[in-house]
Every structure is written in structure tokens, then in C-alpha cells.
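Please walk me through the pockets of this structure, taking them one at a time and explaining the terms along the way.

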Amino acid sequence: MYTFSSKLKTFSFVLMLVGVLGIGYGFLTAPKTIQDVETILASESHGHEGAHNAHAVEKHDAKAEAAHKEHVEHVFHQLQNKPWAALYVACIFFMLIAMGALAFYAIQQVAQAGWSPVLFRVMQGVTSYVLPGSIIFFFILVLSGLHFNHLFSWMAEGITTKGSANYDHMIAGKAGYLNFPFWIIRAAIFLGGWNLYRHLSRKNCLAQDEATDNSFYKKNFKISAAFLVFFIVSESIMSWDWIMSVDAHWFSTLFGWYVFASFFVSGITVIQLVTIYLKTKGYLENVNSSHIHDLSKFMFGISVFWTYLWFSQFMLIWYANIPEEVTYFVTRINDYGITFWGAFVMNFIFPILLLINTDFKRIFWIIVMAGTIILFGHYIDFFNMIMPGTVGDQWFIGIPEIAAVLFFLGLFIFVVFSALTKAPLVPKRNPFIEESKHFHY
């Protein structure tokens with residue numbers, strides 16, 4: 001049985017405490033009034049913009065004054081969104097890491113893989129975060145619908161009402177799908193379905209340890225097959241609802257696969273890192289270099305798959321140059337150039353350099369370095385997907401962003417390693433456990 005070390009537990013609590021303080025700081029320092037934004041803009045331009053606007057008002061230029069007022073209000077919403085967006089990116093990223101691990105676990109069950117059963121408890125430990133992650137994420141979605149933030153522009157008052165100052169005919173045309181009641185019901189179904197599968201598969205896996213036949217293993221095979229059908233549909237819709245609808249005018253037919261590749265490789269990477277940690281602490285004696293090598297191959301292969309989707313989505317839209325579509329990438333290249341191209345480097349170039357060599361796939365320190373870069377790179381990928389539509393060019397990776405990552409990282413560590421203490425790290429009666437123990441090539 002695994003014992004959660006007091007040092008690691010304390011470390012997770014420290015991360016959560018620092019994270020909470022930083023998140024609170026982000027909300028407290030966000031502008032509260034339009035006047036606060038006027039002050040910020042004036043200080044950023046060293047007073048020149050303020051002087052220009054004052055001159056415009058003196059001349060009673062109503063048009064310029066109205067344009068300035070609209071700009072300031074827009075920046076006000078963006079700056080108020082900043083701590084919310086930081087919280088949202090970190091929350092969805094860590095929840096989807098657990099979902100990537102859950103999808104990988106379900107695939108192993110359906111494939112009746114012989115190499116991986118010695119890793120099942122690690123996978124189940126990582127997927128334990130799905131429940132607390134889902135609860136926090138659903139709460140944020142509800143707060144968005146109650147207008148505590150402006151993360152989703154399609155939720156604005158009067159945006160689908162003709163004659164309203166906020167009316168948007170494109171969003172009005174999508175109102176049958178993008179409306180809060182239907183949207184939050186879909187979220188409840190998806191999160192509920194994912195958590196139900198995780199609960200049942202874990203329950204059956206533990207029951208199989210004490211069973212005298214393979215009935216619980218067969219149950220897991222059936223529900224895993226059903227889950228994968230549900231997952232591939234719900235994952236695509238989830239990516240539209242929770243990420244793509246942040247830019248409600250834009251759409252991509254590749255987006256569901258693109259988001260999946262990002263959190264799938266992140267989930268596999270976390271399984272690898274947790275496995276290596278446990279291995280170095282003297283646990284998982286049946287895990288050998290071949291298991292580590294195979295997980296590294298998945299990290300490498302899915303990184304290449306992500307790059308294929310990244311390039312395919314970008315190249316086709318950029319080449320077609322349709323204004324409604326290419327604006328998405330123009331915004332990211334112009335305002336988020338460092339993170340946009342940085343994500344490509346971290347998620348493709350580094351995995352290629354570090355993991356293409358067969359021997360490197362078995363060396364712990366190289367794998368840990370590659371895994372850390374991959375996780376940071378895919379956090380930046382989610383940052384690129386969400387931030388431009390919520391905070392525009394008012395972005396900066398500062399205290400709110402770092403604090404949100406620290407809080408959810410601390411919570412993730414605490415939940416995952418607490419779950420690992422609840423059952424033996426080796427499933428005793430899995431039909432393929434002996435094959436897995438002797439897996440070697």
C-alpha cells in the first residue's frame with residue numbers, strides 16, 4: 001500500500017494556500033469602476049491618451065467621446081475578466097488532464113491491453129481528480145451564467161434581442177444552441193456521465209480483486225466501450241461549449257480533435273510522471289523500463305498528432321483567408337505571439353528533441369524534463385485558446401495566472417496521492433496482470 005508522505009502533503013497544502021492568496025489578490029486588484037480603467041489607461045500612455053481625450057471632450061466631439069467611452073468600457077470588462085479567465089484556464093486544464101487519463105484508461109480496458117494493468121492503479125489515482133475538478137468547474141460555469149463575469153460574450157444581456165444596444169445577429173442565429181439553460185444542462189450531463197464511468201470502473205476494478213471469476217472485468221469492458229462512445233461525442237461538444245464559444249463568432253471543424261489531443265497527451269504525461277515518482281520511492285516493483293518506454297512513446301506520438309492538428313487547423317484557415325475565420329489567428333499572432341509560437345515549440349520541438357531517441361524514452365530525468373515542458377506547453381495552449389476571447393490584448397502572465405495554477409496543482413497532488421493510498425497499487429486478479437508483470441522487450 002502506498003503511504004502519502006507528510007512532505008508531499010504539506011507541499012500540496014502550501015501550493016493551495018499560496019494559490020488562494022494569489023487568486024484573492026487578483027480579484028481584489030481588478031478595476032472596480034470605469035474611473036479605475038481611465039486611470040490605468042492614462043498611466044499606461046503617460047497621460048497622452050488622457051490629454052487627447054480631454055481635448056476631444058472640450059471640442060464637444062460627441063463621436064470621439066462615444067468611441068472613447070465604448071473603448072474604456074470594453075477594457076473594463078477585459079480587466080475584470082482577467083482573474084476569472086486565469087481561474088478558468090487553470091481549472092479546465094487540470095480537470096481535462098484527469099479526463100485524458102480516464103480516456104486512456106478506458107482505451108486500455110477496451111483494447112484488453114496486456115502491458116498496462118500494472119499501471120491501472122496509477123491511472124485510477126490520476127482520474128480521481130475528475131470529481132472535485134468537475135464540481136469546481138461546474139460552479140464556475142453557473143457563476144458565468146449568473147453574470148458574475150463576462151467570459152462568454154454570448155451571455156451578455158440583450159445580445160439576442162433585436163433593438164438592443166448589445167444585439168449581435170450572428171450570436172442571435174445560434175441562440176437555439178447557445179443559451180444558458182441548454183448549455184448548463186449539457187455540462188451537467190457530460191460531467192455526470194464522466195464521473196459515473198469513473199466511479200463504476202473503479203468499483204468494478206476493486207471488486208475484481210476479491211472475485212473468483214472475471215465477471216467484474218467483463219463488466220468493465222462493456223461500460224468502457226459504452227463510455228468511449230459517449231466520451232468522443234461529449235468531448236467534441238464540450239470543446240465547443242466551454243472553449244470555442246468564448247470566441248462565439250468563430251468555429252473550426254477540427255477543434256474537438258485539437259482540444260482532445262492537447263489534454264490526452266497531458267493526461268498520459270501525468271500518468272508517466274506519477275509512475276516515475278512512485279517508482280523512485282520504491283513502489284511499483286513490477287513496472288519496468290518497457291512500461292516506461294511505452295508511456296514515453298505515447299507522449300511522443302500524441303505530441304506529433306497534436307502538431308498535425310495544430311498545423312492543419314492553422315494552415316487551412318490562414319490560406320483561405322476568410323475574414324470571419326482568419327481573425328482568430330490574426331489576433332493570436334499579433335497580440336499573443338510569444339505564447340502562440342511558444343506553445344508550438346514546447347509541444348512539438350522539445351518532445352521531438354527529447355523523446356525521439358529510443359534510449360531517451362527510458363531515462364527518468366529526460367522523461368521528467370520532457371513531461372514538464374509538455375504540461376507547461378499545453379497549459380499555454382489552453383491559455384491561447386481562452387484568453388484572447390476573454391481579456392483581449394490586456395493579458396499578462398502575472399500573479400492571478402500563476403496563483404491559479406499553483407492552487408489547482410496543489411489540489412491535484414492532494415487528491416491524486418490521497419486516492420493512491422486507498423487500494424493496493426497492483427490489481428491482483430486482472431486477467432492480464434501476469435502478462436503485464438512480465439512485459440519486456
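About 680 Å³ of space lies in the second largest pocket, where a pocket is an open set of points on a 1 Å grid over the protein atoms alone, where a 1.4 Å probe fits, with protein on both sides within 12 Å along at least five of seven lines, and a volume is the space filled by probe spheres set on the points, which are joined across faces, edges and corners. This is a predicted model, in which local features need pLDDT of at least 70 and side-chain atom pairs count only at pLDDT 80 or more, while totals for chains, interfaces and linings use all residues. Residues are numbered from 1 along each chain as its sequence is written, and side-chain values use heavy atoms, with hydrogens and water left out.

The second largest pocket is lined by 24 residues, of which Phe94, Leu273, Leu375, Leu409 and Ile413 are the closest to its centre; a lining residue has an atom within 4 Å of a point. Two or more of these residues come from each of α1 (6-29), α4, α10 (255-280), α14 and α15 (399-420), helices being DSSP runs of H or I with at least four residues, numbered from the N terminus. The most is given by α15, with eight residues. By type, this lining divides into 22 nonpolar, one polar and one charged, with Ala, Val, Leu, Ile, Met, Phe, Trp, Tyr, Cys and Pro counted as nonpolar, Asp, Glu, Lys and Arg as charged, and the others, Gly among them, as polar.

The largest pocket has a volume of about 1300 Å³, and 39 residues line it, with His74, His77, Ser153, Ala156 and Ile159 nearest its centre. At least two lining residues come from each of α4 (62-111), α12 (323-335) and α14 (364-391), and α4 gives the most, with eight. This lining holds 15 nonpolar, 16 polar and eight charged residues.
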